[in-house]
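Colleague: I would like to learn how to read helix packing in a model. Please take me through one example.

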Amino acid sequence: MLRSARAFPIAMQNGAPCTGEEALVRRAAAGDRGAFGELYERYSRVVHGVILARLRPADAEDLVQEVFMTAMRKLHTLAQPAAFPAWLITIARHHAIDYYRSNRRQSELDERMPDRPRNEPGWVLNIIQTLPEAYRETLILRLVEGLTGPEIAERTGLTHGSVRVNLCRGMEMLREKLGGAR
């Protein structure tokens, strides 16, 4: 199990301990590309999962790069380094929504296409994408991106309890839909 970077204070900021991750965010905001690369490594799967909850897999990869480019350009505007995970996820959601809106006509055509058969890759992802957003994101982060419950909580800012509830309810809904998918 991965240890949270938040458990290891390494510096002081205004008299309060600054965690390793907060220091990493501060270094990246100051222009340290290596620090930003570390943030990318920590959060790229989360960003991919958030985007994948809203868009087709073919569209997700490029959008992940766009999200991180936006984050790199705007990181200096982030007032609280501890807010980085939620801030980054918000950027990812906005990019996915904007992308969906700009490509709505293509999406409408895709919706008219028949669903993928069970033996085709991605058919379960299609079903997950029909679930409510909170369950969709959490399930994709768990089942597709391979994050554990504690990792999802740490990287999204959700409580451990919320992640457990979302995974439990989401899996229940997924099982019901899979039972009906023949």
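This is a predicted model: local features need pLDDT of at least 70, side-chain atom pairs count only at pLDDT 80 or more; totals for chains, interfaces and linings use all residues.

Colleague: Is the crossing in which α2 passes α7 right-handed or left-handed?

Modeller: A crossing is left-handed if the near helix is turned anticlockwise from the far one by less than a right angle, and right-handed if clockwise. Here α2 passes α7 in a right-handed crossing. Residues are numbered from 1 along each chain as its sequence is written, and side-chain values use heavy atoms, with hydrogens and water left out.

Colleague: What is the secondary structure of the protein chain?

Modeller: Helices (H or I, at least four residues) and strands (E, at least two) are DSSP runs, numbered from the N terminus. The protein chain has nine helices and two strands. Along the sequence the pattern is β-β-α-α-α-α-α-α-α-α-α.

Colleague: At what angle do α2 and α7 pack?

Modeller: Axes are lines fitted to C-alpha atoms, for helices over the stretch in contact; angles run from 0 to 180 degrees between N-to-C directions. Helix α2 spans residues 33-52 and helix α7 residues 133-144. Their angle is about 130°, and their axes are 8 Å apart. Angles under 35 degrees count as roughly parallel, over 145 as roughly antiparallel, 65 to 115 as roughly perpendicular and the rest as oblique. α2 and α7 are therefore oblique to each other.

Colleague: Which residues in α2 and α7 meet?

Modeller: Contact means heavy atoms within 4.5 Å. From α2 come Arg 45, Val 46, Gly 49, Val 50 and Leu 52. They meet Glu 137, Ile 140, Leu 141 and Val 144 in α7. By class, this contact has six nonpolar, one polar and two charged residues. For the classes, Ala, Val, Leu, Ile, Met, Phe, Trp, Tyr, Cys and Pro count as nonpolar, Asp, Glu, Lys and Arg as charged, and the others, Gly among them, as polar.

Colleague: How do α2 and α8 pack, and which residues meet?

Modeller: Read the angle, then the contact list. The angle between α2 and α8 is about 100°, with axes 11 Å apart. α2 and α8 are therefore roughly perpendicular to each other. Arg 42, Tyr 43, Arg 45 and Val 46 in α2 meet Glu 151, Arg 155 and Thr 156 in α8. That contact divides into two nonpolar, one polar and four charged residues.

Colleague: Is α8 mostly covered or mostly uncovered?

Modeller: Buried means under 20% relative accessible area, exposed over 50%, partly exposed in between (1.4 Å probe, protein chains only). α8 is mostly covered, with six of its eight residues buried. They are Glu 151, Ile 152, Ala 153, Glu 154, Arg 155 and Thr 156. Just after α8, Gly 157 takes a positive phi of about 85°. For the protein chain, 40% of the 182 residues are buried.

Colleague: How many residues has the largest nonpolar core?

Modeller: In soluble globular proteins, nonpolar side chains tend to be buried together. A nonpolar core is a set of buried Ala, Val, Leu, Ile, Met, Phe, Trp, Tyr and Cys residues joined through side-chain atoms within 4.5 Å. The largest here has 43 residues. Val 47, Ile 51, Leu 75, Phe 84 and Leu 88 have the most contacts inside this core. α2 gives the most to this core, with nine residues. Leaving aside neighbours within four places in sequence, Val 47 is in contact with Val 64, Val 67, Phe 68, Leu 88 and Ala 92.

Colleague: Why does Ser 44 count as buried?

Modeller: Compare its accessibility with the cut-off. Ser 44 counts as buried because its relative accessibility is 14%. Ser 44 sits in helix α2. Beyond its neighbours within four places in sequence, Ser 44 is in contact with Val 64 and Phe 68.

Colleague: How do the axes of α3 and α4 cross?

Modeller: They come within 9 Å and cross at roughly 130°. That makes α3 oblique to α4. The crossing of α3 and α4 is right-handed. Ala 71 lies in helix α3, and at 0% relative accessibility Ala 71 counts as buried. Ala 71 and Leu 88 are 17 residues apart in sequence and 6.8 Å apart in space, C-alpha to C-alpha.
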